[in-house]
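Keep the model open beside you and take the points one at a time.

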Amino acid sequence: MKERLAYARSTISPRRAAELRAEVDSFHVEYCAALDANDIERWPEFFSKEATYRITSRQNALLDMPVGLVYCEGLDMITDRALAVAHSQMFAPRHMLHVLGITRVLQETGETISSQTPFILMQTLVEGPSTVHLAGIYHDRFVRDGERLLIASREVVHDTEILDTALAYPA
C-alpha cells in the first residue's frame with residue numbers, strides 16, 4: 001500500500017483515461033447517492049462477490065500495516081456490515097454527504113480499472129452543525145459486470161487523525 005500512496009503515473013493515454021474517468025464518476029454518483037440517502041442496504045450492490053473493503057489511516061497505510069478501522073472481505077461480510085449499520089444504529093440521527101474530487105485513472109488491464117479519488121465525508125447531526133467526518137482518498141480497483149462497474153477492492157485511506165466515534169457508516 002505504501003507504494004500506492006506515492007504519486008504514480010497513469011499507464012493509459014489521456015483520451016482513454018477520460019473515457020474511464022467518466023465511467024468511474026458515473027459509478028461514484030450512484031454509490032454516493034445511495035449512501036447519502038441513507039440507503040445502506042443498497043451498499044453491497046456496488047461490490048463484486050470477492051470484493052474487499054477497508055478503512056485505514058494514512059499512517060497505517062504508509063507502514064504497510066494491515067490494520068483497518070473497518071475491514072470486510074467478500075460480499076457476505078460487506079452485506080453483514082450494511083445490515084448491522086442499517087438495523088442497529090446506536091448513534092444520534094445524522095445526514096451524510098460525500099463530496100468527491102477528480103478521479104485519477106491509473107491503469108486498465110483487461111476488465112479491471114485502478115483509480116484514486118479524493119473525498120470528504122460531511123456529517124450533519126440533526127441538532128448540530130455540519131462537520132468533516134472523514135477525508136482522504138479512495139484507492140479502488142473496479143471490475144466490469146456487463147455494462148456496469150463493481151468495486152473489487154476499495155482501500156479508504158483517511159487523513160483525518162481524530163475520528164468521530166460514529167465511524168460505522170461506510171465511506
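How many salt bridges does a search of the whole structure find? The search finds 8. Please keep in mind that this is a predicted model.

1. **Glu23 and Arg144.** Let us start with a pair whose side chains meet in a salt bridge: Glu23 and Arg144, at 2.5 Å from N to O. The two come from distant parts of the chain, with Glu23 in helix α2 (residues 14–36) and Arg144 in strand β6 (residues 130–145), 121 residues apart. Glu23 is partly exposed, at 25% relative accessibility, and Arg144 is also partly exposed, with a relative accessible area of 22%.

2. **Arg144 again, with Glu111.** Arg144 forms a salt bridge with Glu111 too, and here the closest N and O atoms are 3.8 Å apart. This pair joins the loop between β4 (104–109) and β5, where Glu111 lies, to strand β6, which holds Arg144; the two residues are 33 apart in the chain. Glu111 counts as partly exposed, with 48% relative accessibility.

3. **Arg54 and Glu155.** Next, have a look at the salt bridge between Arg54 and Glu155, whose closest N and O atoms are 2.6 Å apart. Arg54 sits in strand β1 and Glu155 in strand β7 (residues 148–158), so to speak two distant parts of the chain, 101 residues apart. Both residues of this pair, Arg54 and Glu155, are buried.

4. **A network.** Salt bridges also link Arg16, Glu19 and Glu108 in a network.

5. **Helix α4.** This helix covers residues 75–87, 13 residues in total, and spans 18 Å from its first C-alpha to its last, close to the 18 Å expected. Which residues of α4 are buried? They are Ile78, Ala82 and Val85. These residues cover an arc of only 70° around the axis, so they lie on the same side of α4. Their packing partners are β1 (47–57) and β2 (70–73). On the face turned away from the buried side you will find the exposed residues Asp76, Asp80 and His87.

6. **Ser115.** Finally, turn to strand β5 (residues 112–125), which contains Ser115. Is Ser115 buried or exposed? Ser115 is buried, since its relative accessible area is 2%, and buried means under 20%. Leaving aside neighbours within four places in sequence, Ser115 has contacts that include Val24, Thr103, Arg104, Tyr138 and Phe142.

Notes
Residues are numbered from 1 along each chain as its sequence is written. This is a predicted model: local features need pLDDT of at least 70, side-chain atom pairs count only at pLDDT 80 or more; totals for chains, interfaces and linings use all residues. Side-chain values use heavy atoms; hydrogens and water are left out. Helices (H or I, at least four residues) and strands (E, at least two) are DSSP runs, numbered from the N terminus. The expected span of a helix is 1.5 Å times one less than its number of residues. Buried means under 20% relative accessible area, exposed over 50%, partly exposed in between (1.4 Å probe, protein chains only). The arc is that of the directions from the helix axis to the C-beta atoms. Contact means heavy atoms within 4.5 Å. A salt bridge is a side-chain nitrogen of Lys or Arg within 4 Å of a carboxyl oxygen of Asp or Glu.
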